[in-house]
Amino acid sequence: MKDKDIRYHSSHWGTFSARNDNGRLEITPFEKDPDPSEILANIPAALDHPARLSKPLIRRGWLEDGPGPDTRRGEDDYIEMEWDQALDLAASELRRLGAGPEQPAERPVAGSRVFGGSYGWSSAGRFHHAQSQVHRFLNSTFGGYVRSVDTYSSAAGETLLSLVWGPAMKLARDHPTWQEIAEETELLIAFGGLPLRNLQTSPGGISCHTARSSLQAAAERGCEFVSISPLGDDFTDLPNVTRIAPRPATDVALMLGMASQLHASGQVDHAYLERFTTGYDRFEAYLLGNTDGVEKTPEWAAAICGVPAERIVELAEQVASKRTHIAVAYSLQRSQYGEEPVWMALTLTAMLGQYPLPGAGFSYALGSISSVGKPPLAVPLPTLPQGTNRVDDFIPVARIAELLLHPGKRYTYKGETRSYADIRLVYWAGGNPFHHHQDLEKLRRAFSRPDTIIINESVSTASTRYADIIFPATITAEREDIGAGSNDPFLVPMQRLTEVRNGARDDYDIFAALAARLGCKELFTEGRSSRQWLHHMYTRTQQALSERNMPAPDFDDFMQGGILELPTSSTPGGIARFHQDPDSNPLDTPSGRIEIWSDRVAGTELPGHPAWVEPDEWLGGEQAKLHRFQLVANQPKGKLHSQLDFGATSMALKKDGREIARLHPDDARELGVKEGDVIRLWNGRGAALAAVGISDQLLPSVVQLSTGAWYAPKELEGSGITCVNGNPNILTSDAGASDLSQGCAGQLSLVSVEKWEGPVPEVVPHAEMIRIRRA
Ligand SMILES: Nc1nc2c(c(=O)[nH]1)N[C@H]1C(S)=C(S)[C@@H](COP(=O)(O)OP(=O)(O)OC[C@H]3O[C@@H](n4cnc5c(=O)[nH]c(N)nc54)[C@H](O)[C@@H]3O)O[C@H]1N2
Ligand SMILES: Nc1nc2c(c(=O)[nH]1)N[C@H]1C(S)=C(S)[C@@H](COP(=O)(O)OP(=O)(O)OC[C@H]3O[C@@H](n4cnc5c(=O)[nH]c(N)nc54)[C@H](O)[C@@H]3O)O[C@H]1N2
Ligand SMILES: [Mo]
């Protein structure tokens with residue numbers, strides 16, 4: 001490759017072109033992107049950062065003593081090995097566990113003892129998407145694997161909405177679009193705010209960041225905004241923004257108070273409820289206190305959420321008098337009983353009766369992720385077929401620690417009783433469980449249980465430290481691919497930006513080499529090279545484009561050329577058609593209507609209608625007497641999750657390499673800490689150190705520590721197991737949101753905070769997460 005060539009590329013936080021200046025990448029955002037992401041500046045560091053993995057690594061205890069449960073995972077050192085030798089070792093272990101071409105015709109296949117759920121965002125790029133690759137590999141070699149369902153992002157909300165509204169992710173297309181918001185909405189009330197920080201990213205890629213300009217256009221037209229969040233800066237600065245900060249986890253009470261006011265002032269749209277919903281009467285009985293003796297008045301709500309009753313009344317009057325869009329962020333449901341605020345927001349929308357109007361209505365995740373609020377594409381995107389998984393078994397994604405710790409244990413999911421499989425092999429590619437999971441000390445115990453854990457990774461993340469075999473994977477800059485994201489109207493030829501710097505290999509090549517050793521190469525590769533796969537995958541999009549008489553270059557021209565525009569669809573979605581004629585176009589719910597009462601939900605630990613269900617860890621509860629701060633573990637501003645935590649944008653937001661936790665000035669004063677001091681956050685699950693940031697944007701008694709610092713647990717005197725880098729997941733609870741969804745509830749926990757006195761332990765640098773003994 002010639003230096004100084006301009007190449008195109010894609011990431012989950014933006015499309016860009018790059019110039020390779022003698023091994024240094026100069027990145028320029030896509031010229032059509034009006035508001036490029038600062039996270040792009042993290043990328044150049046990835047090329048030759050010392051945390052990059054170069055040779056396969058084998059954990060010493062596994063090598064010396066063979067496979068089996070082992071509590072040394074996390075503490076052991078690693079031995080570098082040549083590729084062939086490491087692949088041989090891994091293949092013989094996979095064979096021992098039953099991999100091979102002859103899977104039994106009758107179930108169970110060998111894969112029923114393999115966890116291949118392998119959750120994680122991987123990288124942009126439709127072919128080298130690591131999670132798709134590992135799934136295809138396990139289907140080809142083990143006949144399948146125990147998979148995971150739902151996402152860390154949205155399980156509670158998605159599960160609930162699937163019962164009372166319809167398939168949530170599909171209905172995303174029916175959300176009022178950003179364009180409608182810019183043109184029609186009079187009042188946008190955003191539960192969880194609408195942080196532009198989060199709208200930097202979108203799974204698979206995002207070519208144009210348009211949220212800021214849409215909000216500005218709406219504001220210029222006179223649209224008003226209400227941001228409801230414990231953090232004032234969860235909404236960008238615009239002239240007409242009101243900020244309301246309820247106690248975390250109490251939004252349902254606030255919404256019930258508003259609903260009560262709508263009822264009392266005769267502003268409930270009974271005609272809408274009659275035609276489009278079922279079960280309102282049962283909810284109303286609860287609202288009025290007929291079922292439990294407690295009327296959910298604004299005063300009742302104020303006592304729970306901390307927002308004055310007059311303010312709640314005012315808000316109710318405001319939503320009733322304007323064309324209102326109610327947006328709920330994912331964050332509200334990533335919490336115990338997180339189903340409730342989502343259901344209640346939908347119910348409030350229905351009570352207002354404006355749902356059919358352009359710019360009004362309900363949206364889920366508009367402020368969370370950039371693929372929402374955009375029209376869907378009219379052509380299919382290239383996809384890698386994953387093969388057939390002949391194992392029926394799955395876990396709700398956030399039950400990974402329970403699965404590994406408790407084979408055979410019973411649990412409920414969507415009203416059904418299930419039990420955990422007995423897992424002997426875990427294969428992870430493209431995810432970072434020791435970033436994303438809750439209660440990381442419990443996860444550490446869980447990871448001691450399988451016989452063997454294999455991880456493909458580009459960098460030595462905390463998760464690699466719990467693996468027995470680590471295969472070093474390339475980064476996207478080192479390979480070619482096709483970039484495309486959901487609802488993103490551009491197809492990006494991801495051109496190779498640099499040579500592979502070290503010994504890393506593409507996930508595809510790693511899996512192909514293992515499949516060959518297992519006698520399954522043809523099944524896995526279908527005889528195609530990476531480039532041939534890309535060509536194959538591109539064909540279906542190309543054909544769809546040419547059928548619409550759109551530019552549809554040949555594969556080689558596409559890969560060498562520029563970014564290709566894709567058509568979007570203007571066909572009305574399911575919600576719009578439902579509102580046109582609910583009898584002919586029912587929703588995909590048991591009643592065909594929006595369900596304000598659901599028999600399916602009533603069969604779980606949750607009530608059959610939206611309700612205030614007191615969580616264990618909130619500021620008004622018993623446990624707050626023990627741990628008086630509410631930890632908000634939200635998404636990081638300077639990176640995507642834990643990815644490229646060592647990059648320039650991410651590092652600039654730390655203090656001496658340590659993550660910053662923000663406190664309200666009153667709390668800082670009371671704790672006797674100033675900006676830059678180190679604090680210890682702790683509860684019964686563990687402790688973390690963080691640097692102090694002080695901000696009046698926080699509600700008092702809230703401490704905000706975003707996710708993403710690489711987990712570095714150390715036994716510290718007087719503190720116990722403590723993450724010195726500031727990963728909040730040592731503090732969060734592994735309990736599912738409810739027995740309906742079993743979703744991730746990592747957003748909110750109770751913690752104590754104190755000044756760290758005495759010598760401050762050094763952070764663990766990214767390159768020192770694992771100890772490698774070089775041959
Ligand atoms: N407390 C708390 N916890 C949370 C959340 C929260 O709000 N609070 N949020 C949750 C949410 S919504 C999510 S989505 C998860 C995110 O959790 P993850 O998706 O697991 O986080 P990432 O850091 O994106 O991990 C992706 C990993 O893939 C690796 N990778 C990238 N490209 C490649 C490749 O080509 N090949 C291979 N083999 N590996 C590659 C990266 O180096 C990185 O380590 O976290 C969840 N955890
Ligand atoms: N820069 C960046 N952007 C990202 C990501 C990233 O890692 N980095 N991750 C992406 C992913 S995978 C996902 S799933 C989305 C997640 O999207 P969200 O879940 O919506 O994002 P969070 O930042 O976790 O939370 C948003 C805000 O909700 C507020 N909040 C927390 N609890 C409550 C509550 O009980 N009530 C109210 N009213 N507000 C509350 C917090 O102040 C928080 O800042 O973000 C995406 N965007
Ligand atoms: Mo997510």
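Which of the 33 residues around ligand 2 come nearest? I found Asp234, Asp251, Ser331, Arg334 and Lys639. A residue goes on this list if one of its heavy atoms lies within 4 Å of the molecule.

A note on ground rules. The model is predicted, so I keep local features at pLDDT of at least 70 and side-chain atom pairs at pLDDT 80 or more, while totals for chains, interfaces and linings use all residues. Residues are numbered from 1 along each chain as its sequence is written, chains are lettered from A and ligands numbered from 1 in the order in which they are written, and side-chain values use heavy atoms, with hydrogens and water left out.

**Ligand 2**

I looked up polar contacts next (pairs of N or O atoms within 3.5 Å; within protein, one must be able to donate a hydrogen and the other to accept it, and residues adjacent in sequence count only if both atoms are side-chain atoms). A backbone N or O atom of Arg197 is 2.9 Å from a nitrogen atom of ligand 2. Ala249 has a polar backbone atom 2.7 Å from an oxygen atom of the ligand. For His641, a backbone N or O atom also lies 2.7 Å from an oxygen atom of ligand 2. On its own, ligand 2 has 920 Å² of accessible area, and the protein covers 99% of that. Accessible areas come from the Shrake-Rupley method with a 1.4 Å probe.

I then sorted the shell by class: 15 residues are nonpolar, 12 polar and six charged. Here Asp, Glu, Lys and Arg count as charged, and Gly is among the polar ones.

Why does ligand 2 lie between domain 3 and domain 4? Both domains give residues to its shell.

**Domains**

I noted the assignment, which is automatic or from a database: domain 1 (6-46), domain 2 (57-143 + 389-565), domain 3 (155-374 + 591-602) and domain 4 (627-770). The C-alpha centres of domain 2 and domain 3 are 37 Å apart.

Together they bury about 970 Å², 53% of it on carbon and sulfur atoms. On the domain 2 side, Trp121, Lys414 and Asn487 lose the most area, together 49% of what that side buries. I found three residue pairs in polar contact across this interface. Salt bridges (a side-chain nitrogen of Lys or Arg within 4 Å of a carboxyl oxygen of Asp or Glu) number zero there.

**Ligand 1**

The side chain of Arg334 has an N or O atom 2.8 Å from an oxygen atom of ligand 1. A polar side-chain atom of His641 lies 3.0 Å from an oxygen atom of ligand 1.

Definitions and conventions: Buried area is the accessible area (1.4 Å probe) that two parts lose on being put together, summed over both.
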